[in-house]
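Please open the model in your viewer and keep the selection tool at hand. The stops below say what to select and what is there.

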Amino acid sequence: MALIVHKYGGTSMGSTERIKNVAKRVAKWHDAGHQIVVVPSAMSGETNRILGLAKEICDQPDPRELDVIAATGEQVSVGLLAIALQAIGKQAVSYAGWQVAIKTDAAHTKARIASIDDVKVKRDLDAGKIVIITGFQGVTEDGDITTLGRGGSDTSAVAVAAALKAQECLIFTDVDGVYTTDPRVVTEARRLNTVTFEEMLEMASLGSKVLQIRSVEFAGNYKMPTRVLSSLTDPLIPLEIEAKSGTLISFEEDTNMEQATITGIAFNRDEAKITVFGVPDRPGIAYQILGPVADANIEVDMIIQNQSVEGKTDFTFTVPRNEYTKAMQVLASDVQAQIHATGIIGDAKVSKVSVVGVGMRSHVGIASHMFRTLSEEGINIQMISTSEIKISVLIDEKYMELAVRALHKAFGMENQ
Ligand code: ADP
Ligand code: ASP
Ligand code: MG
């Protein structure tokens, strides 16, 4: 008997029919003698719908109130799932984040989990109940409801699994594992049986939405075995087969296997680029530009500063597209005049494409292969950044899918 956490995403919870299927699948695992905690997301489209209501009233709503709204989607899901389980004869109890309690900091709409109380959950599990906990939401020390950022139910699930010292965290979703790239963009994408924690971390941080990045961080910090698998199979498929299906995040590199150079291609459509030009080239300038941007809680990603000409240089960086307008406002009001920049221009129609793989450490020529492939497609590279196991390029958003497909082919990823 083991304690196992199941997470079901929005599509998996997308209708009452699907919720009944989730109940059957969960019941199957419970019948096999396991203790089961389930962390569901809101029904698909629901989080967008309710946040959309707020935006109909006000352009920039108070984040505290946005969390009050956003958290309700998951609350409906847990209640429905508990009812579905009870309807098939299982004892089940649902909890909102604050009832558990899942404590977070007060960074509304992107809160971080600080601690999880396991007392109630353990008590219920020991009494034979299936425990269902809302994904995505938590509560501050002061009792305010928070949410963990889009896709945050993944993080709730892995964090709950870590807090309960579960044997495994199973992330059930609408694809049957982690692929070399998004199978919706490249039909030849191939499912990976395992992916190293480091690679998954890079892929998630570079835009692969299959797992929220913080869930991968939790998995790494607590060495929590985490598997991504399909919720759309027959819920009654044999448990032994299901338990080995999908993609396992591994914490060791498989040294026996011939390492593929590139494991995955990630992309992020939602980037924006800002250039501050004619900036005096002297100490402190980068700080004077990016300090106010950071103070406005805007994350900066790629950064380039050009070689200066006659004491002046250009400074370019990227921000998430939904923060673009705010970043431009901050620069116009708090930065441009102070540093005597000639001007500020921006482009909110750029995307980032990245190739990822631990095999890069032992192979040379990956970057040149990538750049040649893009040049053969006539795609201009606007910015480049690298780490030990990834190379990212910023390109015009209209070439993003073409770039992903061309690179997938160029690195022979469909048939490794
Ligand atoms: P859920 O609602 O279950 O959390 P998400 O939509 O958040 O599901 O994540 C699953 C989706 O992630 C898939 O439908 C797929 O389109 C997308 N995706 C992006 N990159 C990958 C990848 N490398 N492997 C698998 N799926 C990916
Ligand atoms: N419902 C939330 C969202 O749509 C959390 C999640 O699905 O993981 O972002
Ligand atoms: Mg998700």
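The tour goes from one ligand to the other, with stops in between and after.

This is a predicted model, in which local features need pLDDT of at least 70 and side-chain atom pairs count only at pLDDT 80 or more, while totals for chains, interfaces and linings use all residues. Residues are numbered from 1 along each chain as its sequence is written, chains are lettered from A and ligands numbered from 1 in the order in which they are written, and side-chain values use heavy atoms, with hydrogens and water left out.

**Stop 1: ligand 2**

Select ligand 2 and the residues around it: S41, A42, T47, E74, F136, R150, G151, G152 and S153. A residue counts as near a molecule if one of its heavy atoms lies within 4 Å of it. This shell divides into 2 nonpolar, 5 polar and 2 charged residues; Ala, Val, Leu, Ile, Met, Phe, Trp, Tyr, Cys and Pro count as nonpolar, Asp, Glu, Lys and Arg as charged, and the others, Gly among them, as polar.

Now show the side chains of S41, T47 and R150. In R150, a side-chain N or O atom is 2.7 Å from an oxygen atom of ligand 2. For T47, the distance from a side-chain N or O atom to a nitrogen atom of the ligand is 2.8 Å. For S41, a side-chain N or O atom is 3.2 Å from a ligand oxygen atom. The protein covers 86% of the 260 Å² of accessible area that ligand 2 has on its own (Shrake-Rupley method, 1.4 Å probe).

**Stop 2: G9**

From S41, move to G9, which is in contact with S41 and F172, leaving aside its neighbours within four places in sequence. Contact here means heavy atoms within 4.5 Å. G9 is found in the loop between β1 (3-8) and α1 (16-31); helices (H or I, at least four residues) and strands (E, at least two) are DSSP runs, numbered from the N terminus. Is G9 buried or exposed? G9 is buried, with a relative accessible area of 7%; buried means under 20%, exposed over 50%, partly exposed in between (1.4 Å probe, protein chains only).

**Stop 3: T173**

Select T173 in strand β9 (residues 168-173). T173 is buried too, its relative accessible area being 14%. Residues up to four places away in sequence not counted, T173 touches S12, V228, L229, S230, S231 and L232. Its side chain also makes a polar contact of 3.3 Å with the side chain of D174 (a pair of N or O atoms within 3.5 Å; within protein, one must be able to donate a hydrogen and the other to accept it, and residues adjacent in sequence count only if both atoms are side-chain atoms).

**Stop 4: ligand 1**

T173 and D174 are also among the closest of the 17 residues that surround ligand 1, along with Y179, D182 and R184. By class, the shell has 6 nonpolar, 6 polar and 5 charged residues. A polar side-chain atom of R184 lies 2.4 Å from an oxygen atom of ligand 1. A polar backbone atom of Y179 is 2.8 Å from a ligand nitrogen atom. The protein covers 85% of the 570 Å² of accessible area that ligand 1 has on its own.

An unreviewed UniProt entry carries the annotation "binding site" for residues including G9, T173, D174, Y179 and R184; such annotations may be inferred rather than shown by experiment.

**Stop 5: residues 274-358**

Finally, select residues 274-358, where UniProt (unreviewed entry) places the feature "domain: ACT". Over this stretch the chain is 32% helix and 39% strand, and the end C-alpha atoms are 31 Å apart.
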